[in-house]
Amino acid sequence: MENQFNVPQRQSAVGIIVMFFDTVQQYARALWPIFVVWIFKFNEINKLWLLVGGLLFFAAIGVVAYLRYRNFTFFLDQANGEFVITEGVFSKTRTTIALHKIQQVNIKQSLLQRIIGIHALDVDTAGSKEKEVSIKAISHALAIALKAKLLENERTFVGQDALVENAVSEEKPFISISLLSLLKVGITSNYIRSLGLLLAFFATLYDNILRFSNQGYLDEDQFSSYFDRNAILSSIGIVLLIMFGSILVINIFRIVVRYFDYKIAKQKGSLLLSFGLFNTKSTIIKPEKVQIVAITRNYFQKKLDVLELKIKQATGGEQEERKQAIEIPGCNESERDAILKLLFGKIPEKGVMLRPNFRKLVFSIFLTIVLPLALFYLIAVNAAGNLLQFAYLIPVYIGFALLILCFGFKNYRLFIGDRFIIKQSGAWDITDEIIEPQKIQALTVSQLFWHKSADIGYLTIHTAGGNVSFQLGDFTTIKQYVNLWLYEMETSDSNWM
């Protein structure tokens with residue numbers, strides 16, 4: 001197995017099945033309007049021609065899948081330190097990736113791949129908007145061996161010319177996230193996201209009911225009288241209880257399915273993560289590639305001794321940043337400290353604290369409370385007077401929003417130490433974002449003219465894994481630290497890309 005990657009080789013033969021279904025999925029996305037027309041006009045279509053057309057369609061997909069399998073090869077060019085992939089159907093494309101630029105190697109397995117006993121391997125490099133290459137059908141042993149070969153030549157510059165190579169060691173047991181920890185995270189996090197999904201579902205359902213009613217499929221009077229007779233269903237308490245229960249179920253299901261059997265192992269200097277119930281994933285995190293580490297915890301999670309840890313590496317944009325962020329849910333404090341020690345060499349400590357000016361709270365109150373209420377009264381008085389019947393909810397909204405804003409302002413801090421910059425934020429879910437100054441790409445400072453008298457301004461820290469902003473802090477102090485960070489950026493020889 002040592003030299004088998006030195007010559008071009010193909011994927012597993014059963015990968016043709018994966019290629020077939022992948023091609024079907026691609027064509028289905030492109031041709032779905034035609035399929036919809038066929039469904040609605042099924043009785044008008046000649047069934048013989050439909051059958052012949054369907055057979056020809058799948059036959060063509062089979063040919064394309066076979067050519068994709070046949071033309072796909074990969075090998076390691078050890079002399080040049082490159083991973084070379086050739087792919088295509090009728091025309092071939094050759095992709096060359098320098099080994100020292102490989103950031104992540106992920107081993108995945110969908111339900112179909114699990115059934116036929118193969119794995120997929122994705123190779124990512126820093127700054128790419130999409131994964132560089134995806135090998136969709138190789139055995140588990142081959143995937144592990146290839147991943148090790150791709151990552152074993154990680155190089156660190158010493159001076160200008162010398163290179164030191166670090167071999168990959170064997171995996172060692174490290175952390176295993178239990179099902180109980182996942183359940184704890186499921187019942188204590190992501191309420192807003194789940195509420196959004198639930199509201200989108202009910203909004204779609206309500207819209208479809210109205211459509212059927214307008215088209216005569218439903219009797220609107222009977223529909224309305226049904227809910228009038230069943231007052232229990234319209235009770236606010238019952239609705240809230242159903243929504244809260246639904247949110248918990250959605251949260252738990254999403255967390256358990258996505259992160260089931262979450263295991264973290266050690267490879268020399270790196271973290272190996274594997275998780276998933278139906279679609280399994282295995283990925284490696286190299287500490288020198290980590291840009292931002294975010295630790296999130298709320299009151300209930302603190303009592304249950306769990307937290308969520310998110311690791312951001314170099315990405316190609318904000319959308320890719322959210323997609324590529326690696327989450328480790330259900331850690332306890334000792335597990336968090338062990339991960340941080342491996343990523344940073346020590347547990348980050350909070351240094352000098354910068355507070356925002358009180359104007360940040362005032363401006364937040366204006367945007368969140370004053371402006372929406374002014375628009376509400378403007379619309380209610382001039383266009384929709386019946387909205388005033390909901391005015392009794394305004395004190396509740398003001399009280400809730402003011403409470404959230406005050407807690408958010410209280411927790412909004414920037415801590416600056418010798419080795420770490422930590423931004424703390426959040427009202428209920430409090431997040432600490434950790435950055436090392438030598439991994440900063442750029443710094444932006446700005447000040448509005450009406451903030452000069454108060455000597456406050458804005459700071460944005462740009463990294464390859466995303467941006468971190470701090471608003472309305474002491475501008476003189478911010479500029480002093482910016483000069484220090486610029487010096488560290490210029491003198492650092494860190495190989496974080």
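Q: Two strands pair if DSSP finds at least two bridges between them. In this predicted model, what makes strand 1 and strand 2 a pair?
A: Strand 1 and strand 2 (residues 82–88) are joined over 5 bridges. The cut-off is at least two, so strand 1 and strand 2 count as paired. Their sense is antiparallel, and T73 stands opposite T86 in strand 2.

Q: How do you know that strand 2 and strand 3 are paired?
A: Here 7 bridges join strand 2 to strand 3. At least two are needed, so this pair qualifies as well. The two strands run antiparallel. The bridge partner of F83 is I97 in strand 3, and a hairpin of 3 residues links strand 2 to strand 3.

Q: In what order do the strands of this sheet stand, and what is the sense of their pairing?
A: The sheet is open, with 3 strands in the order 1-2-3 and antiparallel pairing.

Q: Why are strand 1 and strand 3 said to stand at the edges?
A: Strand 1 (73–77) and strand 3 (92–98) each have a single partner strand, so one side of each lacks a neighbour in the sheet. From one strand to the next, the twist averages 15°.

Q: What can be said of the side chains in a regular strand?
A: They alternate between the two faces of the sheet.

Q: Which residues make the contact between helix 12 and helix 13?
A: Helix 12 contributes residues including K360, S364, T368, L373 and F376. From helix 13 come, among them, I394, Y397, L402, C406 and F409.

Q: How do the residues of the contact of helix 12 with helix 13 divide?
A: They divide into 15 nonpolar, 2 polar and 1 charged. Lys counts as charged, so K360 goes in the charged class.

Q: How much of the protein is buried?
A: Of its 497 residues, 39% are buried. To be counted, a residue must have under 20% relative accessible area.

Q: How many helices and strands does the protein have?
A: There are 14 helices and 22 strands.

Conventions:
Residues are numbered from 1 along each chain as its sequence is written. This is a predicted model: local features need pLDDT of at least 70, side-chain atom pairs count only at pLDDT 80 or more; totals for chains, interfaces and linings use all residues. Side-chain values use heavy atoms; hydrogens and water are left out. Contact means heavy atoms within 4.5 Å. Helices (H or I, at least four residues) and strands (E, at least two) are DSSP runs, numbered from the N terminus. Axes are lines fitted to C-alpha atoms, for helices over the stretch in contact, and angles run from 0 to 180 degrees between N-to-C directions. Buried means under 20% relative accessible area, exposed over 50%, partly exposed in between (1.4 Å probe, protein chains only).
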